[in-house]
Amino acid sequence: MNLGRVAILASALFAFSAPPTLAQDAKVWVDIKDPQELRALYSNKTFKGKDWMDRPWVGHYRADGQRAMLFEGGRYPRTWQVKGDDQVCVKALTGPACYRFQRHRTKPGVYRNINVANNNMVEFMVEDGVPKFQLQPSFTWAT
Amino acid sequence: MGNLKHTLVIATYAALAASSSPVSAENPLSLAEVKTLITANTVYMQNLENKLFLRMHYEPSGQFVVLRDDGARYDGLWSVRADGTLCVIAQGEICGKIQKNSDGTYTRFVGGAPAFKWLTVTPGKDF
(Lines give C-alpha, C1' and ligand atoms only; values in the text may rest on other atoms or scores of the structure.)
Protein backbone atom coordinates (compact mmCIF):
# COMPACT_ATOMS: atom_id res chain seq x y z
CA MET A 1 0.00 0.00 0.00
CA ASN A 2 1.30 3.45 -0.89
CA LEU A 3 0.95 5.13 2.50
CA GLY A 4 1.84 8.56 1.15
CA ARG A 5 -1.01 8.52 -1.38
CA VAL A 6 -3.44 7.20 1.19
CA ALA A 7 -2.43 9.98 3.57
CA ILE A 8 -2.95 12.61 0.90
CA LEU A 9 -6.41 11.18 0.10
CA ALA A 10 -7.31 11.15 3.77
CA SER A 11 -6.05 14.69 4.16
CA ALA A 12 -8.22 15.85 1.29
CA LEU A 13 -11.29 14.23 2.87
CA PHE A 14 -10.38 15.82 6.18
CA ALA A 15 -10.15 19.22 4.52
CA PHE A 16 -13.65 18.89 3.10
CA SER A 17 -15.28 18.00 6.43
CA ALA A 18 -18.08 20.49 6.92
CA PRO A 19 -17.67 22.95 9.82
CA PRO A 20 -20.72 23.96 11.90
CA THR A 21 -22.95 26.43 10.08
CA LEU A 22 -23.56 29.95 11.37
CA ALA A 23 -27.20 29.02 12.03
CA GLN A 24 -26.09 26.10 14.21
CA ASP A 25 -23.60 28.39 15.95
CA ALA A 26 -26.26 30.99 16.78
CA LYS A 27 -28.30 28.37 18.61
CA VAL A 28 -25.41 27.75 20.98
CA TRP A 29 -23.44 31.01 21.23
CA VAL A 30 -24.49 34.60 21.95
CA ASP A 31 -22.37 37.52 20.72
CA ILE A 32 -21.21 39.95 23.42
CA LYS A 33 -21.57 43.49 22.11
CA ASP A 34 -21.57 45.43 25.37
CA PRO A 35 -18.25 47.00 26.44
CA GLN A 36 -19.34 46.94 30.08
CA GLU A 37 -19.93 43.19 29.87
CA LEU A 38 -16.52 42.75 28.25
CA ARG A 39 -14.86 44.84 30.97
CA ALA A 40 -16.61 42.76 33.62
CA LEU A 41 -15.61 39.56 31.83
CA TYR A 42 -11.93 40.50 32.15
CA SER A 43 -11.91 42.26 35.55
CA ASN A 44 -10.46 40.07 38.29
CA LYS A 45 -11.35 36.87 36.51
CA THR A 46 -9.57 33.61 35.87
CA PHE A 47 -9.79 31.98 32.44
CA LYS A 48 -9.10 28.27 32.02
CA GLY A 49 -8.68 26.48 28.70
CA LYS A 50 -6.57 24.11 26.66
CA ASP A 51 -4.10 24.93 23.92
CA TRP A 52 -3.71 23.31 20.51
CA MET A 53 -1.86 20.41 22.15
CA ASP A 54 -4.67 19.94 24.68
CA ARG A 55 -2.40 21.21 27.44
CA PRO A 56 -4.12 23.29 30.13
CA TRP A 57 -3.51 27.02 30.48
CA VAL A 58 -4.74 29.47 33.11
CA GLY A 59 -5.01 33.23 32.60
CA HIS A 60 -5.49 35.63 35.51
CA TYR A 61 -6.87 39.03 34.48
CA ARG A 62 -6.77 42.00 36.81
CA ALA A 63 -9.16 44.92 36.55
CA ASP A 64 -6.16 47.22 35.89
CA GLY A 65 -5.49 45.56 32.56
CA GLN A 66 -2.63 43.29 33.67
CA ARG A 67 -2.70 39.59 33.10
CA ALA A 68 -0.62 36.60 34.11
CA MET A 69 -0.74 33.61 31.80
CA LEU A 70 0.33 30.35 33.39
CA PHE A 71 1.37 27.53 31.05
CA GLU A 72 3.56 24.47 31.50
CA GLY A 73 5.13 25.90 34.64
CA GLY A 74 5.92 29.26 33.01
CA ARG A 75 4.41 32.70 33.68
CA TYR A 76 3.83 35.04 30.78
CA PRO A 77 2.78 38.70 31.08
CA ARG A 78 -0.11 40.05 29.08
CA THR A 79 -2.19 43.19 29.08
CA TRP A 80 -5.76 43.72 27.94
CA GLN A 81 -8.09 46.60 27.10
CA VAL A 82 -11.60 46.92 25.70
CA LYS A 83 -11.78 48.30 22.16
CA GLY A 84 -15.06 49.71 20.84
CA ASP A 85 -18.26 47.89 21.73
CA ASP A 86 -17.36 44.31 21.00
CA GLN A 87 -13.62 43.65 21.21
CA VAL A 88 -10.88 43.09 23.74
CA CYS A 89 -7.30 43.60 22.58
CA VAL A 90 -4.45 41.70 24.22
CA LYS A 91 -0.70 42.17 24.08
CA ALA A 92 1.23 38.95 24.58
CA LEU A 93 4.34 37.06 23.49
CA THR A 94 2.74 36.55 20.12
CA GLY A 95 2.14 40.29 19.66
CA PRO A 96 -1.07 42.32 19.81
CA ALA A 97 -4.36 40.69 18.87
CA CYS A 98 -8.02 41.65 19.19
CA TYR A 99 -10.89 39.30 19.89
CA ARG A 100 -14.68 39.25 19.79
CA PHE A 101 -16.45 37.18 22.43
CA GLN A 102 -19.43 34.88 22.72
CA ARG A 103 -21.00 33.24 25.75
CA HIS A 104 -22.64 29.83 25.75
CA ARG A 105 -26.43 29.96 25.86
CA THR A 106 -26.88 27.15 28.36
CA LYS A 107 -23.52 26.58 30.08
CA PRO A 108 -22.75 29.32 32.64
CA GLY A 109 -19.13 30.43 32.62
CA VAL A 110 -18.35 28.99 29.18
CA TYR A 111 -17.12 31.50 26.61
CA ARG A 112 -15.16 31.56 23.39
CA ASN A 113 -13.09 34.25 21.75
CA ILE A 114 -12.74 34.86 18.03
CA ASN A 115 -9.52 36.38 16.72
CA VAL A 116 -10.68 39.23 14.46
CA ALA A 117 -7.59 38.82 12.25
CA ASN A 118 -8.25 35.21 11.26
CA ASN A 119 -11.54 34.08 12.90
CA ASN A 120 -9.75 31.40 14.94
CA MET A 121 -11.85 30.47 17.97
CA VAL A 122 -10.82 29.31 21.42
CA GLU A 123 -13.26 28.04 24.06
CA PHE A 124 -12.57 28.58 27.76
CA MET A 125 -14.13 28.69 31.24
CA VAL A 126 -14.33 31.87 33.32
CA GLU A 127 -14.23 31.91 37.13
CA ASP A 128 -14.40 34.79 39.59
CA GLY A 129 -11.26 36.03 41.33
CA VAL A 130 -7.50 36.16 40.73
CA PRO A 131 -4.52 35.55 43.01
CA LYS A 132 -2.15 38.43 43.73
CA PHE A 133 0.57 38.65 41.09
CA GLN A 134 3.33 40.98 39.96
CA LEU A 135 4.87 40.61 36.54
CA GLN A 136 7.98 42.28 35.14
CA PRO A 137 8.52 43.14 32.41
CA SER A 138 5.01 43.80 31.21
CA PHE A 139 3.47 45.44 28.18
CA THR A 140 2.05 48.95 27.97
CA TRP A 141 -0.43 50.36 25.51
CA ALA A 142 0.57 53.28 23.29
CA THR A 143 -1.63 56.29 23.91
CA MET B 1 -21.68 9.85 5.31
CA GLY B 2 -19.88 12.42 7.38
CA ASN B 3 -19.16 9.86 10.10
CA LEU B 4 -17.88 7.34 7.54
CA LYS B 5 -15.55 9.93 6.04
CA HIS B 6 -14.31 10.89 9.49
CA THR B 7 -13.73 7.24 10.40
CA LEU B 8 -11.77 6.66 7.19
CA VAL B 9 -9.58 9.66 7.85
CA ILE B 10 -8.85 8.59 11.42
CA ALA B 11 -8.20 4.96 10.42
CA THR B 12 -5.80 6.00 7.69
CA TYR B 13 -3.82 8.30 9.90
CA ALA B 14 -3.85 5.75 12.72
CA ALA B 15 -2.29 3.19 10.38
CA LEU B 16 0.42 5.65 9.45
CA ALA B 17 1.06 6.58 13.05
CA ALA B 18 1.12 3.04 14.38
CA SER B 19 4.87 2.51 14.07
CA SER B 20 6.78 3.24 17.24
CA SER B 21 8.51 6.56 17.96
CA PRO B 22 12.07 6.96 19.26
CA VAL B 23 12.42 7.69 22.97
CA SER B 24 14.92 10.51 22.49
CA ALA B 25 16.16 12.65 19.61
CA GLU B 26 19.51 11.00 18.87
CA ASN B 27 20.03 12.53 15.43
CA PRO B 28 17.92 15.67 15.39
CA LEU B 29 17.51 17.80 12.29
CA SER B 30 19.71 20.85 11.98
CA LEU B 31 18.48 24.46 11.78
CA ALA B 32 18.70 24.42 7.98
CA GLU B 33 16.98 21.04 7.71
CA VAL B 34 14.08 22.07 9.92
CA LYS B 35 13.57 25.36 8.09
CA THR B 36 13.71 23.68 4.68
CA LEU B 37 11.28 21.00 5.82
CA ILE B 38 8.54 23.19 7.25
CA THR B 39 8.75 26.76 5.92
CA ALA B 40 5.63 27.57 3.85
CA ASN B 41 4.55 23.93 4.20
CA THR B 42 1.81 22.04 6.03
CA VAL B 43 2.67 19.21 8.40
CA TYR B 44 0.09 16.48 9.03
CA MET B 45 0.69 15.06 12.48
CA GLN B 46 -0.71 13.06 15.36
CA ASN B 47 -0.47 14.10 18.98
CA LEU B 48 1.01 11.00 20.63
CA GLU B 49 -0.62 11.80 23.97
CA ASN B 50 -4.26 12.39 23.07
CA LYS B 51 -4.11 10.74 19.61
CA LEU B 52 -5.72 13.77 17.94
CA PHE B 53 -4.73 14.42 14.32
CA LEU B 54 -3.96 17.93 13.20
CA ARG B 55 -2.37 19.92 10.44
CA MET B 56 -0.04 22.81 11.03
CA HIS B 57 1.01 25.39 8.46
CA TYR B 58 4.29 27.23 9.06
CA GLU B 59 4.10 30.60 7.34
CA PRO B 60 7.41 32.16 6.17
CA SER B 61 6.54 35.22 8.29
CA GLY B 62 7.03 33.17 11.46
CA GLN B 63 3.33 32.66 12.18
CA PHE B 64 1.69 29.26 12.36
CA VAL B 65 -1.90 28.12 12.04
CA VAL B 66 -3.15 24.80 13.36
CA LEU B 67 -6.35 22.95 12.45
CA ARG B 68 -7.23 19.97 14.61
CA ASP B 69 -9.49 17.19 13.39
CA ASP B 70 -12.07 18.27 15.96
CA GLY B 71 -12.39 21.53 14.01
CA ALA B 72 -10.53 23.77 16.47
CA ARG B 73 -8.13 26.34 14.97
CA TYR B 74 -5.23 27.99 16.77
CA ASP B 75 -2.48 30.38 15.77
CA GLY B 76 0.81 31.67 17.10
CA LEU B 77 4.49 32.12 16.27
CA TRP B 78 7.23 29.65 15.36
CA SER B 79 11.01 29.85 15.20
CA VAL B 80 14.02 27.54 14.97
CA ARG B 81 17.05 27.94 17.21
CA ALA B 82 20.63 27.57 16.00
CA ASP B 83 20.74 23.96 17.25
CA GLY B 84 17.62 22.97 15.28
CA THR B 85 15.20 23.21 18.22
CA LEU B 86 11.74 24.16 16.94
CA CYS B 87 9.79 26.50 19.21
CA VAL B 88 6.15 27.52 18.93
CA ILE B 89 4.56 30.26 20.99
CA ALA B 90 0.84 30.39 21.67
CA GLN B 91 -0.32 30.49 25.29
CA GLY B 92 3.31 29.87 26.23
CA GLU B 93 6.44 28.56 24.56
CA ILE B 94 6.90 24.91 23.58
CA CYS B 95 10.26 23.75 22.22
CA GLY B 96 11.84 20.51 21.04
CA LYS B 97 13.92 18.74 18.41
CA ILE B 98 12.78 17.01 15.21
CA GLN B 99 14.08 13.59 14.21
CA LYS B 100 13.57 11.70 10.96
CA ASN B 101 12.39 8.11 11.36
CA SER B 102 13.35 5.13 9.21
CA ASP B 103 9.84 4.93 7.71
CA GLY B 104 10.00 8.49 6.35
CA THR B 105 7.95 10.06 9.13
CA TYR B 106 9.33 12.48 11.71
CA THR B 107 9.09 12.59 15.49
CA ARG B 108 8.57 16.00 17.08
CA PHE B 109 9.90 16.15 20.63
CA VAL B 110 8.62 18.55 23.26
CA GLY B 111 10.61 19.00 26.44
CA GLY B 112 12.77 16.01 25.52
CA ALA B 113 9.90 13.55 25.05
CA PRO B 114 8.21 12.41 21.81
CA ALA B 115 5.05 14.48 21.46
CA PHE B 116 3.99 14.29 17.80
CA LYS B 117 4.46 12.01 14.86
CA TRP B 118 4.74 14.03 11.64
CA LEU B 119 3.15 11.83 8.98
CA THR B 120 3.46 13.92 5.84
CA VAL B 121 4.75 17.33 4.83
CA THR B 122 3.04 19.00 1.86
CA PRO B 123 3.79 22.29 0.11
CA GLY B 124 1.61 25.31 0.82
CA LYS B 125 -1.50 25.60 2.94
CA ASP B 126 -4.54 23.53 2.09
CA PHE B 127 -6.95 24.37 4.89
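**Entry 1: words before looking**

Before reading any pattern, I noted that helices and strands here are DSSP runs, numbered from the N terminus. A helix run needs at least four residues, a strand run at least two. I also reminded myself that this is a predicted model.

How much of chain B is buried? I found that buried residues make up 37% of its 127 residues. Next I looked up contacts in chain B between residues at least 6 apart in sequence, and 44% of them join residues at least 24 apart.

**Entry 2: one strand, β8(B)**

Are its residues buried or exposed? Five of its five residues turned out to be buried. I then checked which way they point: B:Tyr106, B:Arg108 and B:Val110 go one way, while B:Thr107 and B:Phe109 go the other. I was pleased to see that both groups are buried.

**Entry 3: the partners of β8(B)**

Which strands pair with β8(B)? I found β7(B), residues 98-100, paired with β8(B) in the antiparallel sense over three bridges. Here B:Lys100 stands opposite B:Tyr106. The hairpin of β7(B) and β8(B) has five residues between the strands, and in it B:Gly104 takes a positive phi near 95°.

I moved on to β9(B), residues 113-123, which is also antiparallel to β8(B), over five bridges. In this pairing B:Phe116 is the bridge partner of B:Arg108. The hairpin of β8(B) and β9(B) has two residues between the strands, and B:Gly111 in the turn has a positive phi of about 60°.

**Entry 4: the cores**

Last, I went looking for nonpolar cores. The largest has 30 residues, and B:Met45, B:Met56 and B:Val66 have the most contacts inside it. Which element gives the most? I found that β2(B) does, with four residues.

I stopped at B:Met56 to list what it touches, leaving out residues up to four places away in sequence. My list reads B:Thr42, B:Val43, B:Met45, B:Phe64 and B:Val66. Apart from this core I found another, of 13 residues, and among them are A:Leu41, A:Val88, A:Phe101 and A:Val130.

Definitions and conventions
Residues are numbered from 1 along each chain as its sequence is written. Chains are lettered from A and ligands numbered from 1 in the order in which they are written. This is a predicted model: local features need pLDDT of at least 70, side-chain atom pairs count only at pLDDT 80 or more; totals for chains, interfaces and linings use all residues. A residue is buried if 20 or more other C-beta atoms lie within 10 Å of its own, exposed if 12 or fewer, and partly exposed in between; C-beta atoms are placed from the backbone. Two strands pair if DSSP finds at least two bridges between them. A nonpolar core is a set of buried Ala, Val, Leu, Ile, Met, Phe, Trp, Tyr and Cys residues joined through C-beta atoms within 7 Å. Two residues are in contact if their C-beta atoms, placed from the backbone, lie within 7 Å.
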